[in-house]
Amino acid sequence: MSADVDQQLVERVQRGDQAAFEMLVVKYQRRVERLIGRMVRDVDLVPDIAQETFIRAYRALPQFRGDSAFYTWLYRIAVNTAKRMLLDLKRDPLVLQSSMYTGEDEDETSALGTELTDSATPEAMLASKEIAETVNAAIDALSEDLRQAVVLREIEGLSYEEIADVMNCPIGTVRSRIFRAREAIAARLRPLLGTKTGERW
Amino acid sequence: MSSIPSTSLPSPASADAVDASTVAAAMDGDSQALDAVLAAWSRDPSVRERWHAYHWIGDALRSADHATPPARDQALLARVRQAMANEPVVLAPGAASGAGPSRPGTRMRRTGGWLGLAAAASFLAVVGVVVMQQAASPGVEGATNVAVVPVSSSASAPAATSDESAPPAVMIRNAELDRYLAAHKQFATTSVIPAPGLEVRSVSHATPGR
């Protein structure tokens with residue numbers, strides 16, 4: 001079902017609808033940033049590389065024929081973009097690999113050893129932890145039906161039909177439970193994050 | 001809570017034409033709902049906020065790593081938006097003109113420009129592998145040692161894995177497997193080329209992708 005959504009959005013972008021591309025950005029930005037974060041040491045580069053990835057994807061989308069899934073294609077762009085940008089910045093793209101094999105430059109090695117990665121500053125970790133706990137609390141606060149529906153959808157990846165089968169209820173009920181679960185979790189997150197509905201979007 | 005009848009419930013949102021349930025349905029594949037979201041996107045910030053929130057929640061459910069502050073996401077979207085404003089609006093060519101004939105196993109080459117990755121990806125897709133990542137040890141974050149382990153001895157795997165609608169493979173971290181892979185170094189590469197469509201999860205078992 002997700003591939004279906006992507007395909008529809010891609011077709012809209014190819015017909016000139018930029019909103020459709022923004023929707024794809026919002027959908028995949030976290031995954032893209034995470035994969036970039038695993039490739040580069042300097043966390044400050046991640047947003048720049050992510051931005052460049054999406055711009056490249058936007059430019060290349062007219063040539064995207066749907067031979068692979070959109071995210072597969074986007075993934076390859078992200079990897080390629082990260083490598084190119086690292087080279088452009090005259091940094092070794094396999095900086096960890098080289099440090100492992102040469103180990104000659106003591107200063108560089110020790111600097112790499114102390115460098116924090118992947119947004120792992122104490123403040124960022126605390127924020128992430130608090131947010132994760134809020135999500136978990138929100139899940140726990142859901143009724144059994146809502147929780148099961150959203151877990152089957154988001155974690156097990158079942159379609160609405162499959163969920164209706166598992167939960168022995170009509171598809172309309174599945175749709176209702178999933179949206180109410182999502183909205184209930186979102187409602188708990190909004191005060192924590194300080195953004196009112198739509199405030200900065 | 002007892003089971004709820006499937007009749008529609010009062011929407012928690014305002015009188016907006018596109019309410020929360022529509023956004024939720026759109027992200028799960030409802031074409032009509034998707035059209036409604038698209039139509040409302042530029043004029044209704046609550047639609048954008050919900051599209052973000054619901055996807056963010058899905059990512060956070062699948063991995064604690066994704067529980068990052070949404071402000072980060074907002075900043076990225078703003079920058080991409082700004083950059084897009086400087087780009088000409090993209091339009092696909094009308095005719096399905098040729099980037100050359102499509103041959104089985106090389107379809108990914110047509111996306112152009114990433115032949116090296118595409119070739120590696122095609123290989124990985126054809127043999128139906130699951131790509132394992134060695135457990136990251138402290139101080140070596142970012143190094144992606146990719147080891148390729150065939151998961152299926154069936155020779156008929158290529159038909160399934162070259163299917164573009166196949167769900168992405170799941171990358172699993174497993175200490176036991178890492179030890180196995182370390183002992184079988186011939187499978188290890190030191191490039192950072194991962195297989196396409198991989199999603200990293202911190203679960204202990206593989207689940208088919210969404």
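Visitor: How many helices and how many strands are there in chain A?
Guide: Chain A has 10 helices and zero strands. From the N terminus on, its elements read α-α-α-α-α-α-α-α-α-α. This is a predicted model.

Visitor: How much of chain A counts as buried?
Guide: The chain has 201 residues, and 55% of them count as buried. A residue is put in that class if its relative accessible area is under 20%. The accessible surface of chain A is about 8,700 Å², with 51% of that belonging to carbon and sulfur atoms.

Visitor: Why is A:Thr81 called buried?
Guide: Its relative accessible area is 1%, and the cut-off for buried is under 20%. A:Thr81 is therefore buried. This residue sits in helix α4 of chain A, residues 70-88. Leaving out residues up to four places away in sequence, A:Thr81 touches A:Ile49, A:Glu52, A:Thr53 and A:Arg56.

Visitor: Why is A:Asn168 called exposed?
Guide: The relative accessible area of A:Asn168 is 72%, and exposed means over 50%. A:Asn168 is therefore exposed. Its place is the loop between α9 (160-167) and α10 (171-193) of chain A.

Visitor: What is the phi of A:Asn168?
Guide: Phi is positive there, about 55°, although A:Asn168 is not a glycine. Most residues other than glycine have a negative phi.

Visitor: How do you know that A:Leu189 counts as buried?
Guide: A:Leu189 has 4% relative accessibility, to be set against the limit of under 20%. A:Leu189 therefore counts as buried. It lies in helix α10 of chain A.

Visitor: Which residues is A:Leu189 in contact with, leaving aside its neighbours within four places in sequence?
Guide: They are A:Ile131, A:Thr134, A:Val135, B:Trp56 and B:Ile57. A:Leu189 and A:Ile131 are 58 residues apart in sequence, yet their C-alpha atoms are 7.6 Å apart in space.

Visitor: Why is α1(B) described as largely enclosed by the rest of the structure?
Guide: Eight of its eight residues are buried, so the rest of the structure largely encloses α1(B). Among them are B:Ala20, B:Ser21, B:Val23 and B:Met27. The helix is followed by B:Gly29, whose phi is positive, near 110°.

Visitor: At what angle do helix α1 and helix α2 of chain B pack?
Guide: The angle is about 115°, and the axes are 7 Å apart. The crossing of α1(B) and α2(B) is left-handed. On the α1(B) side the contact is made by B:Thr22, B:Val23, B:Ala25 and B:Ala26; on the α2(B) side it is made by B:Ala33, B:Leu34, B:Ala36 and B:Val37.

Visitor: How many nonpolar, polar and charged residues has the contact of α1(B) with α2(B)?
Guide: There are seven nonpolar residues, one polar residue and no charged residues. Ala, Val and Leu are among the residue types that count as nonpolar.

Visitor: Which residues touch the most other members of the largest nonpolar core?
Guide: In this core of 80 residues they are A:Leu9, A:Phe21, A:Val32, A:Phe70, B:Val37 and B:Trp51. Apart from that core lies another, of 10 residues, including A:Tyr160, A:Ile163, A:Met167 and A:Ile178.

Visitor: What is B:Trp51 in contact with, leaving aside its neighbours within four places in sequence?
Guide: Its contacts in chain A include A:Val5, A:Leu9 and A:Met23. Its contacts in chain B include B:Val23, B:Ala26, B:Leu34 and B:Val37.

Definitions and conventions. Residues are numbered from 1 along each chain as its sequence is written. Chains are lettered from A and ligands numbered from 1 in the order in which they are written. This is a predicted model: local features need pLDDT of at least 70, side-chain atom pairs count only at pLDDT 80 or more; totals for chains, interfaces and linings use all residues. Side-chain values use heavy atoms; hydrogens and water are left out. Helices (H or I, at least four residues) and strands (E, at least two) are DSSP runs, numbered from the N terminus. Buried means under 20% relative accessible area, exposed over 50%, partly exposed in between (1.4 Å probe, protein chains only). Contact means heavy atoms within 4.5 Å. Axes are lines fitted to C-alpha atoms, for helices over the stretch in contact, and angles run from 0 to 180 degrees between N-to-C directions. A crossing is left-handed if the near helix is turned anticlockwise from the far one by less than a right angle, and right-handed if clockwise. Accessible areas come from the Shrake-Rupley method with a 1.4 Å probe; for residues, only the protein chains shown count as cover. A nonpolar core is a set of buried Ala, Val, Leu, Ile, Met, Phe, Trp, Tyr and Cys residues joined through side-chain atoms within 4.5 Å.
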